[in-house]
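This note sets out a few points for a colleague who has the model open. Each point may be checked against the coordinates.

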Amino acid sequence: DASDIEKGTYPHYMLKEIDEQPLVMRKIIQAYQNENNELHIDEPIVGAMKEADRIYIIAAGTSYHAGLVGKQFIEKSAGIPVEVHVASEFNYNMPLLSEKPLFIFISQSGETADSRAVLVQVKEMGHKALTITNVAGSTLSREADYTLLLHAGPEIAVASTKAYTAQLAVLAILAHVTGQSCGTVQDFDLIQELGIVATAMEALCDTKEEFEEIAREYLSTTRNCFFIGRSLDFYVGLEGSLKLKEISYIQAEGFAGGELKHGTIALIEEGTPVVALATQEAVNLSIRGNVKEVVARGANPCIISMKGLEDEEDRFVIPEVNPMLTPLISVIPLQLISYYAALHRDCDVDKPRNLAKSVTVE
Ligand code: G6P
């Protein structure tokens, strides 16, 4: 049928969509360039960013995880404070808003009811909203003041992959262009850095057997799995654990390396898989310290580090990219490990139980 043709030779949409990520990166670089080959975002959007005294990112699921990284991009590049909120909580746990807030809705589908409810509410209050979405003409796009598109192509698998990395790239570009306009970003060639990311993504997609092996070794029979990281790696760990839960039904939890000792370490037993991300130089020693703590309690560690920071104990080393952009590539091993874990456990990869691609009820 038609869906088979779209999948091409791939057994699952998820695998196809993981593989499309380098191409999507290049499409985004293209789509956000002007005729002088400079990154460009429409002036009204940059203007709204600069006018804001605080940005509120609203999203759900994987898009929420992209928002956590996006906060770092915007704060570091443009110097505007950012809060990130889970859409379903926002309307009743609304924070005290700043004088001039700007709302950014991140939503692959542009149809998530929880996010829409917040958009309706903040529009009623007279605030401005930008939607970052993969679907032109979607509800969240139509009802917001501004839209930025992801250019990721249709994402069919329920578990989001290429939309996440596309969201990160578009957020990086938004932060960068705003920062340039504010004068807070100089001498940073984001086009080149994203090109390096695309090449690194390709290299990872070409080493799938490694991740199939890791999935077999660590996740074939386990009941649970933990993801730890610090700084940006923490947020990628949250996304990695969500991927694993969604499609393999393994109970997974992502948490900050330093938070381990405050409770979660009680769950570590003989053989418990702990995936640790180590892509950030400033926290490399401390995350490795956390690995020692879990190993001392019997954990089976799987350290994924970045070239330049690697150690012989590491299970996989990802290619080096700009330290700010590591989430765009460190997530790919986690996507692939989840994919193969689901396969090994005979799960329905593209259509996991109890989940919908877009949830249009609150
Ligand atoms: C659903 C999907 C998730 C997705 C979330 C937000 O729960 O199963 O994969 O991350 O909705 O979707 P959105 O389209 O708003 O990004």
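**Notes on the predicted model**

1. Strand S8 (residues 273-278) is largely enclosed by the rest of the structure, because six of its six residues are buried. The model under review is predicted. Pro-273, Val-275 and Leu-277 point one way from S8, while Val-274, Ala-276 and Ala-278 point the other way, and all are buried.

2. What does S8 pair with? Strand S6 (residues 224-229) and S8 are paired in the parallel sense over three bridges, and Phe-226 is the residue that stands opposite Val-274 in S8. S8 also pairs with strand S9 (residues 300-306), again in the parallel sense, over six bridges. There, Val-274 stands opposite Pro-301 in S9.

3. These strands belong to an open sheet of five, ordered S7-S6-S8-S9-S10, with parallel pairing. Strand S7 (251-256) and strand S10 (316-318) stand at the edges; each has a single partner strand, so one side of each is left without a neighbour in the sheet. From one strand to the next, the twist averages 20°. S6 and S7 pair in the parallel sense over six bridges, with Ile-228 opposite Phe-255 in S7.

4. Pro-301 deserves a separate entry. Its place is in strand S9. Is Pro-301 buried or exposed? With 21 other C-beta atoms within 10 Å, Pro-301 is buried, because the threshold for that class is 20 or more. Leaving aside neighbours within four places in sequence, Pro-301 is in contact with Val-274, Ala-276, Val-291, Val-294 and Val-295. Pro-301 and Tyr-146 are 155 residues apart in sequence, and their C-alpha atoms are 44 Å apart in space.

5. A further open sheet of five strands has the order S2-S1-S3-S4-S5, with parallel pairing. Its edge strands are strand S2 (82-86) and strand S5 (146-149), each of which pairs on one side only. Neighbouring strands of this sheet are turned by 20° against each other on average, direction ignored. Within the sheet, strand S3 (residues 101-107) and strand S4 (residues 128-133) pair in the parallel sense over six bridges. The bridge partner of Ile-106 in S4 is Ile-132.

6. Which helices accompany this sheet? H5 packs on the sheet and touches strand S1 (54-59), S2 and S3; the direction of H5 makes about 175° with that of S2. Helix H7 (residues 113-124) lies across S1, S3 and S4, and runs at about 160° to S3.

7. Ile-45 counts as partly exposed, because 19 C-beta neighbours lie inside 10 Å. Not counting residues up to four places away in sequence, Ile-45 touches Leu-130, Tyr-146 and Leu-148. The C-alpha atoms of Ile-45 and Glu-209, which are 164 residues apart along the chain, are separated by 43 Å.

8. Which residues come nearest to the ligand? Of the 15 residues around the ligand, these are Gly-61, Ser-107, Gln-108, Ser-109 and Thr-112. Helix H5 (residues 61-78) gives the most to the shell around the ligand, with three residues. By class, the shell has four nonpolar, 10 polar and one charged residues.

9. The largest nonpolar core has 121 residues, of which Phe-105, Ala-169, Val-170 and Val-197 touch the most other members. Helix H9 (residues 162-182) supplies the largest share of this core, 12 residues. Not counting residues up to four places away in sequence, Val-197 touches Met-25, Val-321, Leu-325, Leu-328 and Ile-329.

Key
Residues are numbered from 1 along each chain as its sequence is written. This is a predicted model: local features need pLDDT of at least 70, side-chain atom pairs count only at pLDDT 80 or more; totals for chains, interfaces and linings use all residues. A residue is near a molecule or strand if its C-beta atom, placed from the backbone, lies within 6 Å of it. Helices (H or I, at least four residues) and strands (E, at least two) are DSSP runs, numbered from the N terminus. Ala, Val, Leu, Ile, Met, Phe, Trp, Tyr, Cys and Pro count as nonpolar, Asp, Glu, Lys and Arg as charged, and the others, Gly among them, as polar. Two strands pair if DSSP finds at least two bridges between them. Axes are lines fitted to C-alpha atoms, for helices over the stretch in contact, and angles run from 0 to 180 degrees between N-to-C directions. Two residues are in contact if their C-beta atoms, placed from the backbone, lie within 7 Å. A nonpolar core is a set of buried Ala, Val, Leu, Ile, Met, Phe, Trp, Tyr and Cys residues joined through C-beta atoms within 7 Å. A residue is buried if 20 or more other C-beta atoms lie within 10 Å of its own, exposed if 12 or fewer, and partly exposed in between; C-beta atoms are placed from the backbone.
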